[in-house]
Amino acid sequence: MIPARQILTPDDLVRFQESTACSEILAFLDTLNDSVIGIKTTDAIVDSEIIQKLLRLLDAVQQTNKDIKPIETNSRFGNAAFRDFYDKVEQTLPTWLAEFVPAEHIEEVARYAQESFGNRRRIDYGTGHELNFLSFLLCLDKLELIKREDYTALVVHVFFQYVHVMRGLQMSYWLEPAGSHGVWGLDDYQFLPFLFGAGQLRTHKHLRPKSIHNPEILDEFSKDYMYFESVRFVNSIKTGSIRWHSPMIDDISGAKSWEKVNLGLVKMFRAEVIGKLPIMQHFMFGSLISFSGGSMPGDVAHGADGDEHGCGDHSHVFALGQEFPDCCGIKVPSAIAAAQAGKDASVEPRNAYVRPIPFD
């Protein structure tokens, strides 16, 4: 079954949050999170055959990125060469997946994998695309291609490698942040590296959340813990103090323990990713991750509960008072592009920040 959009209205989103599909995604996330508690990125972890095949797939994607050069331009917005990259991956992905995915499921599984690399038309990337990669792994798990003993390597080797591949795409093609909260978010693009990274640190006896403010600790331990590596990366592309360019990361550093950070990020994922219509209205469902919304594709809700907005190739339905659909708003230039141009990517004052999830 080829995945299709099912969440079109606020009511659809509520039904999804109460569905088996939502429970399966969150349970899978919890299982992966538990699998890396106390684990270093540099620990000797055995890669099974399926892990090795997934790493080869990501290597192939990375090589495609290297083969397709960005177009020379002065624009700080998404580079059009990304569309050539996207088309090439879409063309070859079924062949790559045929190495380990049953033939009858290749088209369905490929859709989640393809969506995880960003949006072709908008040349952007965000947490919704990251969710698609998590869902791609969930599909493999439901097909019993992944075993429980693979979960640690699935996060530490496969998912972390996916993050590095995406950073390569962001650097090459200056992907625009999809629905970025700017300085009010964890990262312009990623969420789960912070969540899994905090899981890695939950049992550490000495390092504390406030350790992110020590440059020497970031340099020494970023290779061992994805949270530190993610903070180091954010620092490398944004200028000034982390208290100004990433106040949410700074705020979280005041938590008393990594367990509170980790569990707080799980709650935040539920609220800010799974619970947001502008993100979930793009998510697709098939036979492996199955959900049927109450609205048919193309339906539009009117009246007191909703409104409509079109952005060229699809319609959006969203509740009054909900933020404008992220994919249709004002284009946001890449902070990476700004950094490479030698400009400050931090533009908003801190006093507007309101912490959505308690971490203390």
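# A guided tour of a predicted helical chain

What you see is a predicted model, in which local features need pLDDT of at least 70 and side-chain atom pairs count only at pLDDT 80 or more, while totals for chains, interfaces and linings use all residues. Residues are numbered from 1 along each chain as its sequence is written, and side-chain values use heavy atoms, with hydrogens and water left out.

Switch to a cartoon view, and the protein chain shows 15 helices and six strands; these are DSSP runs numbered from the N terminus, with helices (H or I) of at least four residues and strands (E) of at least two. Of the contacts in the protein chain with a separation of 6 or more, 78% are between residues 24 or more positions apart, contact meaning heavy atoms within 4.5 Å.

**Stop 1: the core**

Select Phe16, Tyr227, Leu265 and Phe269, which have the most contacts inside the largest nonpolar core, a set of 103 residues. A nonpolar core is a set of buried Ala, Val, Leu, Ile, Met, Phe, Trp, Tyr and Cys residues joined through side-chain atoms within 4.5 Å. Helix H7 gives the most to this core, with 14 residues. In soluble globular proteins, nonpolar side chains tend to be buried together.

**Stop 2: helices H3 and H4**

Two packed helices are described by the angle between their axes and the distance between the axes. Select residues 49-67 for helix H3 and residues 81-97 for helix H4, whose axes come within 10 Å and cross at roughly 155°; axes are lines fitted to C-alpha atoms, for helices over the stretch in contact, and angles run from 0 to 180 degrees between N-to-C directions. H3 and H4 are therefore roughly antiparallel to each other, since angles over 145 degrees count as roughly antiparallel, under 35 as roughly parallel, 65 to 115 as roughly perpendicular and the rest as oblique.

Now show side chains: among the residues that meet here are Leu57, Ala60 and Val61 in H3, and Phe85, Val89 and Trp96 in H4. Keep Trp96, which lies in helix H4, and leave out residues up to four places away in sequence; Trp96 then touches Leu57, Ala60, Val61, Thr64 and Val89. If you draw a distance from Trp96 to Leu58, the two are 38 residues apart in sequence and 9.8 Å apart in space, C-alpha to C-alpha.

**Stop 3**

Next, select helix H6 (residues 127-142) together with H7, which pack at an angle of about 145° with their axes 12 Å apart. The contact involves residues including Phe133 and Leu137 of H6 and Leu154 and Phe159 of H7.

Leaving aside its neighbours within four places in sequence, Arg167 is in contact with Met226, Glu229, Ser230 and Phe233.

**Stop 4: helix H8**

How many of the nine residues of helix H8 (residues 192-200) are buried? Nine of the nine are buried, so helix H8 is largely enclosed by the rest of the structure. The buried residues of H8 pack against helix H2 (20-35), H6, H7, helix H10 (226-237), helix H12 (247-252) and helix H13 (258-274).

**Stop 5**

Select Ile123, in the loop between helix H5 (106-115) and strand S2 (124-125), which has a positive phi of about 55° although it is not a glycine. At 4% relative accessibility, Ile123 counts as buried. Trp174, in the loop between helix H7 (151-173) and strand S3 (176-177), has a positive phi of about 50° although it is not a glycine, and Trp174 is buried, with a relative accessible area of 17%.

Finish with Cys22, buried at a relative accessible area of 3%, and Cys139, buried at 0%. The structure holds zero disulfides, a disulfide being a pair of cysteine sulfur atoms within 2.5 Å.

Notes. Buried means under 20% relative accessible area, exposed over 50%, partly exposed in between (1.4 Å probe, protein chains only).
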